[in-house]
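Please keep the sequence and the model in view while reading.

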Amino acid sequence: MSKPFSRISRAVVVAIAVVCGPMALVQAAGADVGIAATTFADEFNGAAGSAVDTRKWNLEVGDNVNNHERQYYTNRTANASMNGQGQLVITARKENPGNYNCWYGRCTHTSARLNTSGKFSQTYGTFEARIKMSHGQGMWPAFWLLGNDIGQVGWPACGEIDIMENIGREPNTVHGTIHGPGYSGSGGIGAAFNGPRFADGFHTFRLEWSPNLLVWKVDGREFQRRTPADLGGRRWVFNKPHFVILNLAVGGYWPGDPNNSTPFPNTLTVDYVRVTN
């Protein structure tokens, strides 16, 4: 299975360098000991066309030369906004309204990428999102986590947990993968889940994370678990805080570029993101 060389964009490295510091962990007041409390949630209940809540999310701006993706990430509501029905819509467009420049020249597409760096991170717990997938050749949506020490140790030493990735040429398949020192990019350790056509409706993607154990589920069905024993002596870097990322990439080494069959605008719709301890 071909995997990306690096999901880290120049934009995210700059954003993390600016905001990296003590990360917020929001705890529900009065939660009973031993009972999971909601530590982060976004139900995306804003009015139609309203912007992402910047108290919770950073909107990255820039391209991604590392994966050779085609899009330029913007902070415009044209690329990320509420739909008025309790959902976030990330929209990839075949356009260049701002005369944006990418690694390959004049950018051909725009999209959005959100992260919680500097606003929320957590070690362990459950990370869940209900998502209706994008579709078409060259589309690459993801719901994933990065270690919040990336600004100090770099990638992949910071750790990356891909809770859900999909590439458009595999409409019935999602992937869960971990990346760390000695097992990154095409050497990431993961598994695929085969199910329905994920662009036809909403599905729930969940990571259950505890010390030295990661468990992936789709619609409540476990399809993978990973422990340090899976690394063949390489370093486990998943016992420290990670922050959340949502994005819709266009093109790249793994999915390949879009073609004339790929529909644009192309949307990734997120019903909610919820984290518990």
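Rings of Phe, Tyr and Trp, the last represented by its six-membered ring, form a pair if their centres lie within 6.5 Å, and a pair with planes over 60 degrees apart counts as edge-to-face. By this criterion the structure, which is a predicted model, holds 11 aromatic pairs. Two of these pairs are described below, after a summary of the fold.

**Overall architecture**
- The chain is built from 2 helices and 19 strands.
- It comprises 277 residues, and 54% of them count as buried.
- Among contacts with a separation of 6 or more, 73% are between residues 24 or more positions apart.
- The accessible surface amounts to about 10,700 Å², and carbon and sulfur atoms contribute 49% of that area.

**The pair F40 and W57**
- The structure holds 11 aromatic pairs, and one of them joins F40 to W57 in an edge-to-face arrangement, with 5.6 Å centre to centre and 90° between the planes.
- This pair links distant parts of the chain: F40 belongs to strand β1 (residues 38–42), while W57, 17 residues apart from it, is in the loop between β1 and β2 (58–59).
- F40 has a relative accessible area of 6% and is therefore buried, the limit for that class being under 20%.
- W57 is likewise buried, as its relative accessible area is 0%.

**The pair Y124 and W209**
- The ring centres of Y124 and W209 are 5.7 Å apart and the planes meet at 80°, so this pair is edge-to-face.
- Y124 is located in the loop between β9 (113–115) and β10 (125–132), whereas W209 is in strand β15 (residues 203–210); the pair therefore ties together parts that are 85 residues apart in sequence.
- Y124 is partly exposed, with a relative accessible area of 22%.
- W209, by contrast, is buried, with a relative accessible area of 3%.

**A ring cluster**
- F40 and W57 also belong to a cluster, in which ring pairs link them with F44 and F120.

**Charges over rings**
- R70 places its charged end over the ring of Y104, at 3.8 Å from the ring centre.
- The charged end of R274 is positioned over the ring of Y272, at 3.6 Å from the centre of that ring.

Technical notes. Residues are numbered from 1 along each chain as its sequence is written. This is a predicted model: local features need pLDDT of at least 70, side-chain atom pairs count only at pLDDT 80 or more; totals for chains, interfaces and linings use all residues. Side-chain values use heavy atoms; hydrogens and water are left out. Helices (H or I, at least four residues) and strands (E, at least two) are DSSP runs, numbered from the N terminus. Buried means under 20% relative accessible area, exposed over 50%, partly exposed in between (1.4 Å probe, protein chains only). Contact means heavy atoms within 4.5 Å. Accessible areas come from the Shrake-Rupley method with a 1.4 Å probe; for residues, only the protein chains shown count as cover. Rings of Phe, Tyr and Trp (its six-membered ring) pair if their centres lie within 6.5 Å; planes under 30 degrees apart count as stacked, over 60 as edge-to-face and the rest as tilted. A charge sits over a ring if NZ of Lys or CZ of Arg is within 6 Å of the ring centre and within 35 degrees of the ring normal.
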